[in-house]
Amino acid sequence: MLSMTGYGRAEALIEGRKWIIEIKSLNHRYIEIITRLPNALSSLEVDIKKRVGERIFRGRIEVSVQADAEAGGDSGVQYSLNAPLLRNYHSLLLKIKEELGLQDTIELKTLVRFKEIFVPSETRFDPAAAWGTLQKTLDEALDALIRMRRAEGETLQKDFLARLGTLRRHMESAKARAPRTVLEYKQRLQERIRELTEGLEMDPARLSQEVALLAEKSDITEEIVRFESHVGQMEKLLRSGEAIGRKLDFLLQEMGREVNTLGSKSNDIAIAQDVIELKSELAKMREQALNVE
């Protein structure tokens with residue numbers, strides 16, 4: 001079982017320059033892979049996303065690849081000057097100076113602030129040749145990310161299993177209580193009839209019909225059986241080691257539906273208290289399931 005949150009980092013040395021790959025994953029309903037790459041690696045975006053998608057199946061995954069600026073000044077990219085743009089900027093500055101009657105001189109340090117005048121013209125860096133090393137580095141970062149997700153997943157698994165135990169206890173309590181509710185209803189009905197008829201006894205056949213009708217309306221056996229089945233399925237999922245987040249979502253929805261029906265069918269305070277506890281635990285589990293891959 002894996003959590004959806006984690007962080008992984010790995011480094012590689014390519015042509016004397018250190019490259020750093022960082023991967024961060026956050027909760028997400030589906031899978032979303034976002035890359036932040038330098039221009040020199042833009043052609044590798046599809047390969048990087050495909051590689052990540054082969055190992056991560058749910059969450060918002062942010063992949064950052066960058067060269068260490070302090071490791072060397074040569075990024076492999078050559079720049080040229082956009083002279084027409086430079087002349088245009090200079091002309092505009094002269095026009096501003098003339099328009100406003102300014103005495104300032106236009107210096108080089110002012111012009112170099114227009115970064116658009118510098119354009120990449122050639123790169124010596126071959127991303128296809130570097131992909132082999134970068135791919136291994138990406139795998140190392142993914143390994144680190146998955147280790148962290150697995151460690152958090154083990155904590156989540158323990159929490160889910162403990163909550164399953166709580167669900168079982170309350171469902172067993174409701175299950176044990178259910179047969180007694182019919183008998184108590186029969187007694188209350190008899191007492192009420194005696195009060196209203198000043199001691200006259202009700203026709204036993206009619207009383208049996210009323211009790212049978214209530215027993216049918218308040219029978220929660222079907223809901224209990226389905227709920228126990230869902231609990232068993234969830235326990236298997238939690239121990240499977242697969243990506244189970246979406247299956248957990250589905251099972252929790254089904255379990256919530258069974259508990260709602262159980263609460264509406266039963267007319268008993270003790271069972272109602274169990275239903276409240278069951279709903280509370282399911283709400284906590286739904287919140288935790290948002291963190292599961």
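Let me start with Asp 139, which is buried at a relative accessible area of 16%, where buried means under 20%, exposed over 50% and partly exposed in between, using a 1.4 Å probe and protein chains only. Before I go on, a word on the basis: this is a predicted model, with local features needing pLDDT of at least 70, side-chain atom pairs counting only at pLDDT 80 or more, and totals for chains, interfaces and linings using all residues. Residues are numbered from 1 along each chain as its sequence is written, and side-chain values use heavy atoms, with hydrogens and water left out.

So, where does Asp 139 sit? Its place is in helix H4, which covers residues 127–196; helices here are DSSP runs of H or I with at least four residues, strands are runs of E with at least two, and both are numbered from the N terminus. Leaving aside residues up to four places away in sequence, Asp 139 touches Arg 51 and Arg 55, a contact being heavy atoms within 4.5 Å.

Now over to the strands. Ala 10 lies in strand S1, residues 6–14, and Ala 10 is buried too, with a relative accessible area of 6%. Which residues does Ala 10 touch, not counting those up to four places away in sequence? They are Trp 19, Ile 20, Ile 21, Thr 137, Glu 140 and Ala 141.

S1 runs antiparallel to strand S2, residues 17–26, and nine bridges join them; two strands count as paired if DSSP finds at least two bridges between them. Tyr 7 has Lys 24 in S2 as its bridge partner. The two strands form a hairpin with two residues between them, and Glu 15 in the turn has a positive phi of about 50°.

S2 also pairs with S4, again in the antiparallel sense, over eight bridges. There, Trp 19 finds its bridge partner in Ala 67 of S4. On to strand S3, residues 31–36, which pairs with S4, residues 59–67, in the parallel sense over six bridges. Arg 36 is bridged to Ser 64 in S4.

Here is one to look at on the screen: S3, helix H1 (residues 45–53) and S4 make a left-handed β-α-β unit. On the convention, a crossover is right-handed if, with the strands pointing away from the viewer, the path from the first strand over the helix to the second runs clockwise.

How many cavities of 30 Å³ or more does the structure hold? One. On a 1 Å grid over the protein atoms alone, a cavity is a set of points where a 1.4 Å probe fits but cannot get out, while a pocket is an open set with protein on both sides within 12 Å along at least five of seven lines; lining residues have an atom within 4 Å of a point. The largest cavity is lined by Ile 21, Leu 41, Ile 48, Val 65, Trp 131, Leu 134 and Leu 138. H4 gives the most to that lining, with three residues.

Finally, the second largest pocket is lined by 16 residues, and Ala 178, Pro 179, Asp 219, Ile 220 and Thr 221 lie nearest its centre. H4 supplies the largest share of that lining, five residues.

Notes:
Grid points are joined across faces, edges and corners, and a volume is the space filled by probe spheres set on the points.
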